[in-house]
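Please examine the sequence and the structure shown below before reading further. The paragraphs that follow lead through selected parts of the chain.

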Amino acid sequence: MSFFVTKYTGLHRVLRLGTYVSIKQMQPLCRDERRYNSTSEENRRIPKIYTKTGDKGFSSTFTGERRPKEDHIFDALGTTDELSSAIGLAREFCIDSGQSFTDQLEKIQCVLQDVGSNIATPRSSARDSHIKKTKFSSLAVIELERWIDSFTEELPPLTNFILPSGGKSSAALHVARAACRRAERCVAPVVRLGETDPEVAKYLNRLSDYLFTVARYAAMKEGNGETIYKRPE
C-alpha cells in the first residue's frame with residue numbers, strides 16, 4: 001500500500017491510499033512510561049498497519065469522499081508512489097557512486113509527498129480549508145529548471161538518441177524517468193477534470209527532464225559511456 005506524509009499547521013497525517021491517520025497516535029511511549037507487563041501492553045493501543053476499510057475495493061480521499069480504487073485519483077496516487085520508490089532506489093546507487101546531487105533526489109521525494117497530498121484532495125469535494133492545506137507551489141518547478149540548466153552546462157551536447165545505460169546510477173535514473181512519464185500520464189486526466197492543481201502536472205513534466213539530465217550527468221561523472229541508438233540492420 002502506498003503512503004504519503006503531509007504536514008500543515010502543526011498537524012501531521014499519513015495518507016494510506018486516501019485514508020488519513022494521525023501520526024500522534026503512532027508515537028511510542030516515552031522511556032519513563034514503558035512497562036513490560038500485559039496491562040501496559042494492552043493500554044498502549046498501537047494502531048495496526050491495516051485498516052480493512054479498502055477490502056471492498058473503495059478508499060477515501062483527504063476530503064472524506066469514498067471512491068473505487070481504480071478511480072483516476074488513486075491511479076495517479078499509486079504511480080506517484082511508484083515514482084518516489086524508483087527515485088529512492090536510484091538515489092541509493094548514486095550515494096554508492098559518490099554523486100553530488102543525492103540531496104536533490106531526497107528533496108524531490110519530499111516534494112512528491114506534497115504532490116500526493118494535492119492529488120488526494122479532489123476539488124469537486126474539497127472545502128477551502130482542504131485546498132489551503134494541500135496547495136502546491138510553483139516554486140518547486142522553478143527549482144527543477146534551475147537544476148536542469150546547471151547540469152546541462154556541464155554535459156556534452158546530445159547529438160544522437162541514447163538508450164538507458166551508463167552504469168547502475170544512470171540506468172536506475174532512466175527507470176525513474178520512465179516512471180515519471182507514466183505518473184504524468186496518470187495525472188493529466190485528473191488535471192483536465194479540474195480535480196488537481198495544474199502545477200502538479202507541470203512539476204512531473206519538468207521532473208522527467210531533470211531525471212534524464214542527471215542520468216546523463218551520472219554516467220559522465222562515473223566515466224561510463226552512453227549507449228547510442230543504432231538502427232538494427
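Helices, on which the description of position rests here, are DSSP runs of H or I with at least four residues, numbered from the N terminus. The model is predicted. With these helices as landmarks, Tyr229 is found in the segment after helix 7, which spans residues 198–221. Tyr229 counts as partly exposed, because its relative accessibility of 42% falls between the limits of 20% and 50%. Together with Phe161 and Leu163, Tyr229 makes a nonpolar surface patch of about 350 Å².

The side chain of Ser165 reaches the backbone oxygen of Leu163 at 2.8 Å. Ser165 itself lies in the loop between helix 5 (139–152) and helix 6 (168–192). Is Ser165 buried or exposed? Its relative accessible area is 12%, and Ser165 is therefore buried, since the cut-off is under 20%. Leaving aside residues up to four places away in sequence, Ser165 touches Ser170, Ala171, His174, Glu226 and Thr227.

The next topic is charged side chains. A search of the whole structure finds twelve salt bridges. One of them joins Glu106 and Arg91, whose closest N and O atoms are 3.2 Å apart. Glu106 belongs to helix 3 (residues 102–119) and Arg91 to helix 2 (residues 72–96), so this pair ties together parts that are 15 residues apart in sequence. The two partners can be described by their accessibility: Glu106 is partly exposed at 39%, whereas Arg91 is buried at 15%.

Glu143 and Lys107 meet through their side chains in a salt bridge, with an N to O distance of 2.8 Å. Here Glu143 is in helix 5 and Lys107 in helix 3, and the pair links distant parts of the chain, 36 residues apart. Glu143 counts as buried at 18% relative accessibility, while Lys107 counts as partly exposed at 40%.

A further salt bridge is formed by the side chains of Asp209 and Arg181, at 3.8 Å from N to O. Because Asp209 lies in helix 7 and Arg181 in helix 6, the pair ties together parts that are 28 residues apart in sequence. Asp209, at 30%, and Arg181, at 32%, both count as partly exposed. Elsewhere, Glu65, Arg67, Asp71 and Glu195 are linked in a network of salt bridges.

Finally, cysteines may be considered. How many disulfides are there? With a disulfide taken as a pair of cysteine sulfur atoms within 2.5 Å, the count comes to zero. Cys110 counts as partly exposed at 46% relative accessibility, whereas Cys180 counts as buried at 0%.

Note on methods
Residues are numbered from 1 along each chain as its sequence is written. This is a predicted model: local features need pLDDT of at least 70, side-chain atom pairs count only at pLDDT 80 or more; totals for chains, interfaces and linings use all residues. Side-chain values use heavy atoms; hydrogens and water are left out. Helices (H or I, at least four residues) and strands (E, at least two) are DSSP runs, numbered from the N terminus. Buried means under 20% relative accessible area, exposed over 50%, partly exposed in between (1.4 Å probe, protein chains only). A polar contact is a pair of N or O atoms within 3.5 Å; within protein, one must be able to donate a hydrogen and the other to accept it, and residues adjacent in sequence count only if both atoms are side-chain atoms. Contact means heavy atoms within 4.5 Å. Patches are made of residues with over 30% relative accessible area and no salt bridge: like charges are joined within 9 Å, nonpolar side chains (Val, Leu, Ile, Met, Phe, Trp, Tyr) within 5 Å. Accessible areas come from the Shrake-Rupley method with a 1.4 Å probe; for residues, only the protein chains shown count as cover. A salt bridge is a side-chain nitrogen of Lys or Arg within 4 Å of a carboxyl oxygen of Asp or Glu.
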